[in-house]
Amino acid sequence: MKESVKTKKEKPAKQRKKKKVTAFDVVLIIVLSLVAFICLYPFLDQLLISFATKQDFYGSTLMTIPKHFTFDSYKFILYQDRIGTAFLVSLFVTVVGVVYSMALTVLGAYVLSKQGLPGRKIFFVFVLITMFFGGGLVPFYLTIKEIGLMNNILSVIIPFGINAFNMIILRNFFSQIPKEMIESCKLDGANEFTILFRFVVPLSKAGIATIALFYMVERWNDWYWPMMFLQDAPDWAPLALELRNVLSSSQSTGIGGGGSIDPGVLFEEGKQAAMIVISMIPILCVYPFIQKYFVKGVMIGSVKD
């Protein structure tokens, strides 16, 4: 008994010796820590600036430390009439756009994953060409104008249904599902839509979540196409376009809030930082829930059989 106890105690000791921290590990930790700091610094800097006063900002050097903590920059942004509407417009475009794009992408990826599809390689080449060649900005603008979508919220949803790269990634996911499972479903009398939505999609949750996140970030951060197609419809401007206008404007609108904001602590950089933080909140709230699928999806979906 004593010998067995000793052997059990000796095994962890040996295992600890094998896990020695080498010089390479130390260098790797330092390098990765620096990379992480470089990635987090812009967000942390803007977050601190958004809570700082004018005195704190102009009295700082490398990073602004809010000694006089204030919410006045956020109050100023939220009191603007356009911010609430722009937030709802972005929410609508993101939700409807992601559902629309995912429906088209899932159907297209499933079709291209069918090995016995006649002309499958030709269709795949047509999809691949769109990743490298476009019709041009002017023809695209004229097309949207001719079909009557100018100054319509649908102009930033319908033309951007499928991203070829996302469809190829999802196609790789679908291709990894065992063929025997698909054949057994067909023997049981299931049609293609039943196989897709009851078997293929549930088995590809990681890929679905990854592509959905790609579309979500793309839709939420898009300001260029709304600026092009919604010029005469300011009420349909999304939050990203409002953020772009705030960042590019040297002058701000009047201060609201019924006197609850102190004009002496407001400064242009603080208002811009508050706008940036507000626009990032939805993505930061969603990402933690699909982060595990996202990491797995990028690793698996990028591998081709």
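The model is predicted, so local features need pLDDT of at least 70 and side-chain atom pairs count only at pLDDT 80 or more, while totals for chains, interfaces and linings use all residues. Residues are numbered from 1 along each chain as its sequence is written, and side-chain values use heavy atoms, with hydrogens and water left out.

**Exercise 1.** Find how many helices and strands the protein chain has.

*Solution.* Start with the terms: helices (H or I, at least four residues) and strands (E, at least two) are DSSP runs, numbered from the N terminus. Counting them in the protein chain gives 14 helices and zero strands. Next, look at burial, where buried means under 20% relative accessible area, exposed over 50%, and partly exposed in between (1.4 Å probe, protein chains only). Of the 305 residues in the chain, 35% count as buried.

**Exercise 2.** Describe helix α8: what is its reach, and which of its residues are buried?

*Solution.* First, the reach: α8 has 12 residues and spans 16 Å from its first C-alpha to its last, close to the 16 Å expected at 1.5 Å a residue. The expected span is 1.5 Å times one less than the number of residues. Second, burial: 10 of the 12 residues of α8 are buried, among them A164, M167, I168 and R171. Third, the N-terminal end: N163 caps α8 there, with a side-chain oxygen 2.9 Å from the backbone nitrogen of F165.

**Exercise 3.** Work out how α6 and α8 pack, and which residues make the contact.

*Solution.* Begin with the geometry: helix α6 (residues 120-129) and helix α8 (residues 164-175) pack at about 140°, with axes 9 Å apart. Axes are lines fitted to C-alpha atoms, for helices over the stretch in contact, and angles run from 0 to 180 degrees between N-to-C directions. That makes α6 oblique to α8, because angles under 35 degrees count as roughly parallel, over 145 as roughly antiparallel, 65 to 115 as roughly perpendicular and the rest as oblique. Now the contact (heavy atoms within 4.5 Å): α6 brings R120, F124, V127 and L128, and α8 brings A164, M167, I168 and R171.

**Exercise 4.** Is S279 buried or exposed, and what does S279 touch?

*Solution.* Locate S279 first: this residue lies in helix α14 (residues 268-301). With a relative accessible area of 9%, S279 is buried. The side chain of S279 reaches the backbone oxygen of I276 at 2.7 Å. Leaving aside neighbours within four places in sequence, S279 is in contact with W220, L239 and L243.

Notes: A polar contact is a pair of N or O atoms within 3.5 Å; within protein, one must be able to donate a hydrogen and the other to accept it, and residues adjacent in sequence count only if both atoms are side-chain atoms.
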